[in-house]
Amino acid sequence: MLMRKKGFKKNPACSMVEGQKGVIHEFFAGDMNHPKSVEIKKALEDLLARLKHQGYKPNLSSVPYNISDDQKKQLLMAHSEKLALAFGLISSCAGCVIRIVKNLRICEDCHVVMCGASEITGREIIIRDNLRFHHFRDGKCSCGNFWKPPETCCSRTAFPKLHHWVILLAHEQVLMSFGLQEK
Ligand SMILES: [Zn+2]
Ligand SMILES: [Zn+2]
């Protein structure tokens with residue numbers, strides 16, 4: 001349906017979000033081609049500044065490349081799902097659920113940002129990545145924050161360890177296959 005043929009060619013990270021009147025907007029990592037890219041960047045910077053004020057630190061280990069920390073921060077900030085989130089925040093009415101579809105797996109840093117964004121904006125955010133649904137509400141995700149070790153999960157402490165590692169292994173494979181496009 002929305003995953004057009006070209007999306008499967010090299011699998012660049014791509015997130016889609018619904019804008020006004022049901023129009024679907026597509027964002028690629030580092031994409032500044034959207035007509036509202038200036039507003040999107042500002043909304044994202046504002047959001048990240050508020051999150052940093054609450055203790056958020058960019059998770060540089062989510063960038064599996066040998067580049068400088070500053071470059072890692074820039075790559076992280078331009079992840080497609082963050083751009084889609086920022087667009088969703090400025091283009092939908094307060095209280096509307098923001099729905100995003102991503103063709104690859106959401107990274108740990110974006111997952112933390114989505115949790116925080118759901119808390120400080122009061123918005124519900126639903127992301128469907130290539131493995132599962134993530135439903136962010138009041139600072140927590142329905143997946144039980146399985147990125148973290150099971151004992152520190154914020155909403156589901158009994159996450160099965162085996163399942164946890166299977167997912168981590170699957171993630172490694174996704175990164176290896178798509179690594180260079182996942183920016
Ligand atoms: Zn990310
Ligand atoms: Zn989640």
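Which residues of S5 sit on its covered face, and which on its uncovered one? His134 and Phe136 make up the covered face of S5, while Phe133, His135 and Arg137 make up the uncovered one. In a regular strand the side chains alternate between the two faces of the sheet. The rest of the fold can be built up around this strand.

First, a word on the model. This is a predicted model, in which local features need pLDDT of at least 70, side-chain atom pairs count only at pLDDT 80 or more, and totals for chains, interfaces and linings use all residues. Residues are numbered from 1 along each chain as its sequence is written, and chains are lettered from A and ligands numbered from 1 in the order in which they are written.

The protein chain holds five helices and six strands, where helices (H or I, at least four residues) and strands (E, at least two) are DSSP runs, numbered from the N terminus. Read from that end, the elements go β-β-α-α-α-β-α-β-β-β-α. Of the 183 residues in the protein chain, 32% are buried. Here a residue is buried if 20 or more other C-beta atoms lie within 10 Å of its own, exposed if 12 or fewer, and partly exposed in between, with C-beta atoms placed from the backbone. Among the contacts with a separation of 6 or more, 58% link residues 24 or more positions apart; two residues are in contact if their C-beta atoms, placed from the backbone, lie within 7 Å.

Now for the sheet. The six strands form an open sheet in the order S2-S1-S3-S4-S5-S6, with mixed pairing; two strands pair if DSSP finds at least two bridges between them. At the edges are strand S2 (24–28) and strand S6 (140–141), each pairing on one side only. Strand S1 (residues 14–18) runs antiparallel to strand S3 (residues 98–102), and three bridges join them. In this pair, Val17 stands opposite Ile100 of S3.

Further along the sheet, S4 and S5 are antiparallel and joined by four bridges, with Ile126 opposite His135 in S5. These two strands form a hairpin with four residues between them. S5 also pairs with S6 in the antiparallel sense, over two bridges, and there Arg137 faces Lys140 of S6. The hairpin of S5 and S6 has two residues between the strands.

Asp138, in the loop between S5 and S6, has a positive phi of about 50 degrees although it is not a glycine. Asp138 counts as exposed, because it has 10 C-beta neighbours inside 10 Å. Lys21, in the loop between S1 and S2, has a phi near 55 degrees, again a positive value in a residue other than glycine. Lys21 is exposed because it has 5 C-beta neighbours inside 10 Å.

What about the helices? Two packed helices are described by the angle between their axes and the distance between the axes. Axes are lines fitted to C-alpha atoms, for helices over the stretch in contact, and angles run from 0 to 180 degrees between N-to-C directions. The axes of helix H1 (residues 37–53) and H3 come within 8 Å and cross at roughly 100 degrees. H1 and H3 are therefore roughly perpendicular to each other (angles under 35 degrees count as roughly parallel, over 145 as roughly antiparallel, 65 to 115 as roughly perpendicular and the rest as oblique). On the H1 side the contact is made by Glu39, Ile40, Ala43, Leu44 and Leu47, and on the H3 side by Lys82, Leu83, Ala86, Phe87, Leu89 and Ile90.

Helix H3 (residues 80–91) also meets helix H4 (residues 108–121), with axes that come within 10 Å and cross at roughly 15 degrees. H3 and H4 are therefore roughly parallel to each other. Glu81, Lys82, Leu85 and Leu89 of H3 touch Cys110, Val113, Met114, Ala117 and Thr121 of H4 in this contact. H4 in turn lies across strand S4 (125–128), strand S5 (133–137) and S6, at about 35 degrees to S5.

Finally, helix H2 (residues 69–77) includes Gln74. Gln74 is partly exposed, because 15 other C-beta atoms lie within 10 Å. The C-alpha atoms of Gln74 and Pro58, 16 residues apart along the chain, are 9.9 Å from each other.
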